[in-house]
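Work through the exercises below with the sequence and coordinates at hand. Each task is followed by a stepwise solution.

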Amino acid sequence: MKHILAIAGRELRSFLTTPVGYVLFTAYMLVFGYIFYLSLKGHLQRIELIQAYGDLQALSTVSVNQDVIAPSFGVVSIIFLFLIPLLTVRTFAEERGNGTMEMLLTSPLATWEIVLGKYVALLGILGLLMFFTALYPALLFLIGDPGPEPLQTLAGLIGLFLLGASLGAMGLFISTLTRSVVVAALAGILAGLLLLLIDVAAQFLSGPVAEVLRYVGIRDHFEQLLAGLMRSEDLVYFGVTIALFLSLGRISIESLRWR
Amino acid sequence: MIEVSKLSKQYGDFLAVRDVSFKIARGEVVGFLGPNGAGKTTTMRMITGFLPQTNGRIVVADRDFDKDPMGVRCAIGYLPEVPPLYPEMRVTEYVRFAAAIRDVPRSERRARVERALESCGLTGVAQRVISTLSRGYRQRVGLAQAIVHGPQVLVLDEPTSGLDPIQIVEIRKLIRALAADEGRTVVLSTHILPEVEEICGRILLISRGQIRLDGTLDEIRGQGTLEEVFLREAAPTHGGPDA
């Protein structure tokens, strides 16, 4: 545990002292803010329209969660596809470039401690990102009347966090495979696309194969959380995905000694 | 302090190190001498536990590597050929991190870090960011990282390569001081002959993955100048890369 915290702490400190993180966070906040603004504008226009018709029944079916929060979080999932690989490429590729991998591997550290240390740092960064993401919906709680559903909003945030954590574990694994930051970033984005879109193939198939593809794809699980449904099978899916990629990462680092 | 027997390393078809055996006593300063690609780095990487050996046994500080790899790693301080530095960190921060991952207890950490910085002449630049340091100073930071946990054995891979003449003199002086301090055992590799004469008491000449010569400086001087002996024993190799 001490080792994991030492590695995570060093990683976070590096993240906070290099400009990359600030640039990515700022870009994220601008893009997400604009999307949030557009969704909100659409929502208000809809309410105005309904009010103009005087259809009070329809007014009660309009929800901020459905109109604003869920769609904008959906866009964030696409942003994550690019953002998370950019955050994870550095982890091991840079370590190998600096020659510091040799220092870690000759110190009395277990390989899983190295992997988990890096991952804990990534979760910390992701948590920070979630905090900033939550600021926009928080505004709606302050000034919205009626405000959003708190639990549904929270489920959406958890969904985003788990999606980021899964893409992060995958990015970490990919980063162990190459010295090149560019290759790691591109491969990370491609692999993320695959994980997000693999269930599209299920639409053209039927039977057990389609079921499997739908389960393997990450989108369905994420959308359940976005809709406010906390199902244990989705949580298990995220847990297994993260554990799988972290184990692959551990094996891959272990194999560095043999190459 | 270090006991290596029948050590071999095979990369695919290429036998980089074959049946190397030697013993190094406590407090000895041994120079691993050999042309590039002779197997110096590979041997050092096996002793430090970075590379697993294909065959053979390694015992450091009475601990068998195969049975107690973490114990061996705690007993060794290692400076690879390219110092393993995080350019964005400050010198103290970096050395403190090295102490933390080598199990230096939290209560002793500050004192140990300060001592390592002082021994390596880094006190004045402790708060500098590593990327702003000159090469000589980076090498010192690499040495500080290697000694911070108080290892009994220091393994240095070409510690003066890429330095200017003044830096070389200073780093050599530093290595001699670190060796004298606490009777540390030092193994360093080099292909610079005067370096060996200046720092080491004993020479292990390695060529094409084998030990060609093992003796004290005086014993070897009996066979001619160091250069003559080197050229005779380390006949040109067409070996692989010094990986």
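**Exercise 1.** Describe the side of chain A that touches chain B.

Solution. The contact involves 18 residues of chain A and 21 residues of chain B, where two residues are in contact if their C-beta atoms, placed from the backbone, lie within 7 Å. Next, assign elements: in chain A, α1 (2-17) and α6 (100-105) each supply at least two residues of that side. Helices (H or I, at least four residues) and strands (E, at least two) are DSSP runs, numbered from the N terminus. The most is given by α1(A), with 5 residues.

The model is predicted; local features need pLDDT of at least 70, side-chain atom pairs count only at pLDDT 80 or more, and totals for chains, interfaces and linings use all residues. Residues are numbered from 1 along each chain as its sequence is written, and chains are lettered from A and ligands numbered from 1 in the order in which they are written.

**Exercise 2.** Locate B:D62 and B:E158 and decide for each: buried or exposed?

Solution. Start with phi. Most residues other than glycine have a negative phi. B:D62, not a glycine, has a positive phi of about 65°, and B:E158, also not a glycine, has one of about 40°.

Then place them in chain B. B:D62 sits in the loop between β4 (55-60) and β5 (63-64); B:E158 is in the loop between β7 (153-157) and α6 (165-180).

Finally, count neighbours. A residue is buried if 20 or more other C-beta atoms lie within 10 Å of its own, exposed if 12 or fewer, and partly exposed in between, with C-beta atoms placed from the backbone. B:D62 has 12 C-beta neighbours inside 10 Å, so B:D62 is exposed. B:E158 has 22 other C-beta atoms within 10 Å, so B:E158 is buried.
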